[in-house]
Amino acid sequence: MAVERVLPSEVTELLDEGFIGYLGTSGWDRIPHVTPVIFVYDGESIFFTTSKLAKKLRNIQENSRVAFLVDVRDISDLYKNRAVMIYGRAKIIHLFAHRAHPRLIRVLTLFLKKYPEYTKAYAKTQHKIPKVWKPIPFIRRLIVQIDIERFVYMRETQVVKVTQQT
Amino acid sequence: MTQFPFEVMDLLEEGHLAYLCTASDRNQPHVTPMFFIFDRESGEIYLLTPFRSKKIWNMKKNPQVSLAIEKLDPVNPANNTGVMVHGISAIDDSLARSAVGNKIYQQFEAKYPDMDKLGLAEDQVIVKIIPKKIVHWRGMKFTSTVPVEKRHTEGEVGISTITISRQVGSRGNEVAKRLCELLGYQYVSKEVIAETAYTMGITAQEFVDSSEDSYRFKGLLDRLLGRGETVATAETVVGREYYQRLKFDEELSLGVLRAVLTSLSRLGGVVIVGRGGQVLLRNHKNVFHVRIVAPKESRVKAIMERYGLNEDKAVQFIKDRDRAAAQYLKRFYGVDWDDPSLYDMRIDMGRMNVEDAAKAIAEAVKLGKNL
């Protein structure tokens with residue numbers, strides 16, 4: 001399914017702009033779980049990293065359906081916002097098995113560009129950053145790819161239909 | 001009054017937005033930004049949402065929800081604080097017209113003065129969320145909390161829970177019920193356990209009650225399948241699968257049972273009959289364990305009366321039940337049913353009637369409180 005190729009510009013803009021995304025997962029226990037994650041969008045899929053210990057990873061292994069929300073708004077005016085919620089399927093990428101994959105190298109570069117303060121500036125104090133936030137992969141970290149299946153675009157709490165470009 | 005750490009309370013009060021995650025009946029998660037208010041007194045979170053929305057649809061099917069509330073530090077992300085609340089939602093459309101509902105609306109207006117700008121839908125309903133588990137973080141430090149409703153004041157370590165293990169036909173159930181009347185405690189029946197499991201986020205299907213009474217069948221099956229080799233290959237495969245599933249269910253429900261009993265005992269004011277309570281709540285300071293036995297003749301007589309059996313059948317019935325209960329405790333907890341070190345008190349019903357036995361236990365519990 002090539003939905004990602006026809007995402008409207010409103011949505012792709014949001015995905016590029018958004019700093020933090022909220023990932024909703026639900027495992028076999030059907031207890032929803034929502035966590036903030038840092039993420040990048042490579043023009044096709046969304047990528048975020050996770051610790052092997054995280055609850056969200058366990059949920060994804062049990063149920064690959066996820067929801068991903070990017071909400072862009074200014075704190076000075078809470079009521080003006082743009083948001084997109086994405087329904088998708090999460091796929092876990094075992095980094096060491098695909099280390100030389102060009103797409104993944106691109107994804108890592110995107111991470112470094114988008115979150116320099118999480119990567120470069122904190123490289124010294126790496127041990128202090130919560131495992132969940134470390135974008136620099138190490139042996140315990142995995143990259144998760146979300147393949148976009150459906151999306152809902154919202155502006156000021158109202159769902160807005162945005163047309164897809166062909 | 002529900003207790004939260006102060007840091008969590010502040011976050012819940014100061015946070016502007018909550019990200020609500022629900023799951024559909026196909027287990028598809030759904031995340032939306034929401035305005036919310038937090039009521040410090042009841043420890044509950046309230047949301048306003050149109051009745052005809054996906055999240056309401058989801059919550060009707062699966063009341064479990066999660067909320068993430070964050071306070072971001074624009075300068076240093078290591079100072080970000082946030083909280084994730086897992087809770088049970090309740091949609092109450094009658095709330096909107098009541099005084100409580102009015103109060104909630106006022107609180108919403110106070111927190112979000114410009115909310116009208118958004119042109120709220122006509123069919124707004126109030127959704128109440130009762131937190132069950134909370135994870136909060138400041139920068140790199142994560143802490144997990146389970147809000148506990150406290151019926152007893154802190155510092156009081158007196159006995160608030162009683163477990164009763166009884167022989168079948170010893171009239172232990174009657175003693176337990178009378179004891180509840182005397183102390184004003186609640187009798188924990190199967191239904192109470194299932195309900196507690198439900199409010200803790202465990203559905204009835206997942207909760208298989210592996211009680212002592214039904215254990216004999218499983219024990220038999222277990223022994224039968226345990227032989228393995230003598231059964232034909234195809235059957236073994238099927239049999240093994242079933243056996244494994246059964247064992248898994250038993251272990252799962254045992255964990256559930258332990259969690260339920262522990263949470264009940266923390267609340268206090270309960271009398272738990274059977275279900276391995278004496279082992280699951282062993283070493284809990286506020287729990288008092290009682291063993292009720294009776295002479296064989298009176299047990300046979302009681303069973304004959306209760307089930308209308310003849311003497312031989314009643315003897316056999318008692319033998320079966322005793323063996324099942326002993327096997328159950330042996331297999332899952334590795335203890336001997338009659339081990340006196342498991343119990344704080346042992347009552348022989350051959351020497352007492354129900355009323356006296358209940359009074360004796362109540363008296364012992366009161367004395368224990370004075371310690």
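**Burial, salt bridges and strands**

Author: Let's start with one residue: Asp320(B) is buried, at 18% relative accessible area. Before going on, this is a predicted model, where local features need pLDDT of at least 70, side-chain atom pairs count only at pLDDT 80 or more, and totals for chains, interfaces and linings use all residues. Residues are numbered from 1 along each chain as its sequence is written, chains are lettered from A and ligands numbered from 1 in the order in which they are written, and side-chain values use heavy atoms, with hydrogens and water left out.

Reader: What are the cut-offs behind buried and exposed?
Author: Buried is under 20% relative accessible area, exposed is over 50%, and partly exposed is in between (1.4 Å probe, protein chains only).

Reader: Which salt bridge does Asp320(B) make?
Author: The general idea is that side chains of opposite charge can pair when their charged atoms come close. The rule here asks for a side-chain nitrogen of Lys or Arg within 4 Å of a carboxyl oxygen of Asp or Glu. Asp320(B) meets Arg323(B) this way, at 3.8 Å from N to O. The two sit 3 residues apart in helix 10 of chain B, so about one helical turn separates them. Arg323(B) is partly exposed at 45%.

Reader: How do you number helices and strands?
Author: They are DSSP runs counted from the N terminus: helices are H or I with at least four residues, strands are E with at least two.

Reader: How many salt bridges are there over all chains?
Author: The rule gives 16. One of them joins Arg40(B) to Asp10(B), with the closest N and O atoms 3.3 Å apart. That pair links distant parts of the chain, 30 residues apart: Arg40(B) is in the loop between strand 3 (36-39) and strand 4 (44-50) of chain B, and Asp10(B) is in helix 1 (residues 6-14) of chain B. Both count as partly exposed, Arg40(B) at 29% and Asp10(B) at 34%.

Reader: Where do Arg291(B) and Asp338(B) sit?
Author: First, the contact: their side chains form a salt bridge at 2.8 Å, N to O. Arg291(B) is in strand 12 (residues 287-293) of chain B, and Asp338(B) lies 47 residues away in the loop between helix 10 and strand 13 (345-348) of chain B. Arg291(B) is buried at 2%, whereas Asp338(B) is partly exposed at 46%. There is also a salt-bridge network, linking Arg178(B), Glu181(B), Glu355(B) and Lys359(B).

Reader: Which strands pair with strand 11 of chain B?
Author: Pairing takes at least two DSSP bridges between two strands. Strand 9 (residues 161-166) of chain B runs parallel to strand 11 of chain B over 4 bridges, with Thr161(B) partnered by Val270(B). Strand 10 (residues 186-188) of chain B is also parallel to strand 11, over 3 bridges, and there Tyr187(B) has Val271(B) as its bridge partner.

Reader: Which way do the side chains of strand 11 of chain B point?
Author: In this strand (residues 270-273), Val270(B) and Ile272(B) go one way, Val271(B) and Val273(B) the other, and all are buried.

Reader: Which residues of helix 2 of chain A are buried?
Author: In this helix (residues 55-62), they are Lys56(A), Leu57(A), Asn59(A) and Ile60(A). They cover an arc of only 160° around the axis, so they lie on the same side of helix 2 of chain A. The arc is taken from the directions from the helix axis to the C-beta atoms.
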